[in-house]
Structures are given as structure tokens and as C-alpha cells.
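Subject: Two-chain model for you to look at

Hello,

Here is the model I promised to pass on. Please open it alongside this note, and my findings follow below.

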Amino acid sequence: MNIFIVIPAYNEQKRIGQVLKDLSALPYKIVVVDDASSDDTYQLACSYPVDVLRHRINRDQGAALQTGNEYALSQGADIIVHFDADGQFLAQEIKEVIKPIVEENYDIVFGSRFLGKKSELPFFKEKIIFPLARIFNRVFLGIKLSDPQSGFRAMTRTTAQNIIIEQDGKAHCNEIMVKAHENKLKIKEVPITVIYHEFGQGLSGAFKILKDLLFSKIIK
Amino acid sequence: MIYLQILVTIFIVFALSKLFFQKQKNKISWTALLFWSFLWLVVLIVFWEPEITSYLANILGIGRGADLVLYLSVILIFYLLFRIFVRLNRIESDITKLVRSDALKNVRKR
């Protein structure tokens, strides 16, 4: 079975080395999409046994994931896993995320920080941003998942062919969940561990996601 | 008032001539030329015959002519802003497609 790990990377020279080192030990094909980093992310990625694609202009995470998906599909991927370049996910948990696809015929699996495994979240995120995001997802998008912004997910080949990521920015998380629901896919959430290095997107990031989602509704 | 009217007229003549030159160089479409010419002519008429707006305002049930002009301007500006947003969004997604096809052509294989 052809399992591809797609890793979008933007200015991750500090952490991507360790991530690729951990992943290289596992029996997966790895695709790094460098999103026009201004540091040495690209060169670093090239020094590992992985396929490296490069955006010449920064197009943001959603765009990089779609590029990675299209490449993986062209290489005959059966399962595509989205994984972060900053070391916040654990490589050994990939097998748990793809397990429901391999063994139980699920179409798409989302990793969730809120299902048992211990993740140390920043207080503000855990108590304010995520509950609000969950309510937003439930009320406006009809999504009932415990982790509103999960970046660790696995999908089958057919799913990747059907879900075209059009949100170039961070709103791709919500977009993928919405499209999975719309396509009536078999969806599962599995517990994952998330290690926080820094505060990530914060409140302004949340507002940008809202803006992107609302705007895409208006112009469609 | 007459000074202002003359100034506005000069400006509109300038704007219209600019439009025609752009059309000659094929930089704008016929629709754009007609739309903007019409708009500037309306502005010209309104400045020389302000009573027209009061007349129209009364028909529409708005108190003053100046208010009507203001309302219409705001609606127009919002509409144009929206058009620009939509256009910008399309350009953004086109850029992404270009960047993506370039990336897919230049893969560094393991």
C-alpha cells in the first residue's frame, strides 16, 4: 500500500530536520512542499530521502497541501497523510491515524487533541478560541468534530480526488471538514498528541479564518 | 458656486479624455468606457443643474437632493469595492494554480 506523508513547510529550518529524520525511519513516502521559505527549509529538506516540491511564491498552507495532494496522487498514492513541519505531531502516531482507513474502510480520519491523549494547550486556545471555533463549526458549518482545527489527517485516494482544497490559507481545515460532510464520507476522529512550541495563529489568525470562510460563501 | 462648477467641468473633461485615450490604446473595454463616461456625465449634469437631484429625491421620497446623491454614491462605491474583491480573489487563486503547476513540474526526487 502506497502511503504518502504530505508536509507543507514555510520557514521551518529549525524543526523540519528532526521531523524528516523521525519520518525517514518509517515505511512511508514523504513529500515536502516548501512554500517559498526565505530560510534554508528547502535545502534542508533536500538533504533527506524525500521528494521536495517548491512554491516559487508563498501561497499559504492550504495551497501547499493541495499541491502535495496532487503530487501524491500523480505518484499513485493510496493513502495521503497531512503532517506538520514544525514538529507538533508525533511520527509514530501516523499508524494510528491511518488505521481506521486500512482496517475499517473509513474515507477520512482527523487527528484530535481532545480525545484522551494529553496535549498541553495554551490556556487561551483551550478555553476560549477552540470552544468558540467548535460552536462556529457546529452552528454554521454543521460539523460535529471535537478538534476544530486539526492539521493531522489521513485520507484515501478517492477522498483526495474529491476534496479539492480551494482555501489557500488556514481555513482549509474547516473546508476539508465541510467537504467531507457534504460528500457524506465515512469520517473518524482519533486521539493524537500535539506538542506546542509557540502560540501559533492566535486570535488574529482565527479572525482571518472566519473572514476567508465568510467571503468564500459570499462570492460563490 | 460657478467657480466650483468650472473646476469640476475641467476635471471631468480631463477624466473623459483620459478614458477615450485608454480606449484608443485598447486598455479598457467598451462596457467600461460607456459606464465611466455615463457616470462622469451624470456628475457634470448634477453640478450644473443641482435641482434635478431634488426632483428625483422627491420622487423617491428622500428629503434633499444632496442626500440622494450621497446614498447613490455610497451604494456605487460598495458595489465597486465588492467587484474588486471578487476580481482580486480570482487573481489570487489563478496565481496559486500557476505556482502549483510550476512546483509539480520541478520536483526534486529523493
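The contact between the chains takes 18 residues from chain A and 15 residues from chain B, where two residues are in contact if their C-beta atoms, placed from the backbone, lie within 7 Å. On the side of chain B that touches chain A, six residues are nonpolar, three polar and six charged.

Some housekeeping before the details. This is a predicted model, in which local features need pLDDT of at least 70 and side-chain atom pairs count only at pLDDT 80 or more, while totals for chains, interfaces and linings use all residues. Residues are numbered from 1 along each chain as its sequence is written, and chains are lettered from A and ligands numbered from 1 in the order in which they are written.

On confidence, the predictor gives the complex an ipTM of 0.85 and a pTM of 0.82. Chain B has an average pLDDT of 91, with 99% of the residues scoring at least 70; pLDDT is the predictor's confidence in each residue, from 0 to 100. Within chain B, helix α4 (residues 65-105) has the highest confidence, at 93, and helix α3 (residues 51-60) the lowest, at a mean of 86. Helices (H or I, at least four residues) and strands (E, at least two) are DSSP runs, numbered from the N terminus.

Now to chain A. Seven strands form an open sheet with mixed pairing, in the order β3-β2-β1-β4-β6-β5-β7; two strands pair if DSSP finds at least two bridges between them. β3 (51-54) and β7 (187-191) of chain A stand at the edges with a single partner strand each, so one side of each is left without a neighbour in the sheet. From one strand to the next, the twist averages 20°. Angles run from 0 to 180 degrees between N-to-C directions, and axes are lines fitted to C-alpha atoms, for helices over the stretch in contact.

Going through some of the pairs:

- β2(A) (residues 29-34) and β3(A) run parallel, joined by four bridges, and Asp34(A) has Arg54(A) in β3(A) as its bridge partner.
- Helix α3 (residues 61-74) of chain A packs on the sheet and touches β1, β2, β3 and β4 of chain A, its direction making about 150° with that of β1(A).
- β1(A) and β2(A) are parallel and share six bridges; here Ala9(A) stands opposite Asp34(A).
- β1(A) (residues 3-9) also runs parallel to β4(A), through four bridges, with Ile3(A) opposite Ile79(A).
- β4(A) and β6(A) (residues 153-156) are antiparallel and joined by four bridges, with Val81(A) opposite Ala154(A).

How enclosed is β2(A)? Five of its six residues are buried, so β2(A) is largely enclosed by the rest of the structure. A residue is buried if 20 or more other C-beta atoms lie within 10 Å of its own, exposed if 12 or fewer, and partly exposed in between, with C-beta atoms placed from the backbone. In β4(A) (residues 79-82), Ile79(A) and Val81(A) point one way and Ile80(A) and His82(A) the other way, and all are buried. Helix α7(A) (residues 172-182) has buried residues too, including His172(A), Cys173(A) and Met177(A). After α7(A) comes Lys184(A), with a positive phi near 55°.

Back to chain B and its helices. The axes of α1(B) and α2(B) cross at roughly 170° and come within 10 Å. That makes the two helices roughly antiparallel, with angles under 35 degrees counting as roughly parallel, over 145 as roughly antiparallel, 65 to 115 as roughly perpendicular and the rest as oblique. Their contact has twelve nonpolar, three polar and one charged residues. Ile28(B) lies in the loop between α1 (2-24) and α2 (30-48) of chain B, and counts as partly exposed because it has 16 C-beta neighbours inside 10 Å.

α3(B) and α4(B) pack with their axes 7 Å apart, at an angle of about 80°, and are therefore roughly perpendicular to each other. Among the residues making this contact are Leu56(B) and Leu60(B) of α3(B) and Leu68(B) and Val69(B) of α4(B). By class, the contact comprises six nonpolar, three polar and one charged.

Best wishes

Conventions: Ala, Val, Leu, Ile, Met, Phe, Trp, Tyr, Cys and Pro count as nonpolar, Asp, Glu, Lys and Arg as charged, and the others, Gly among them, as polar.
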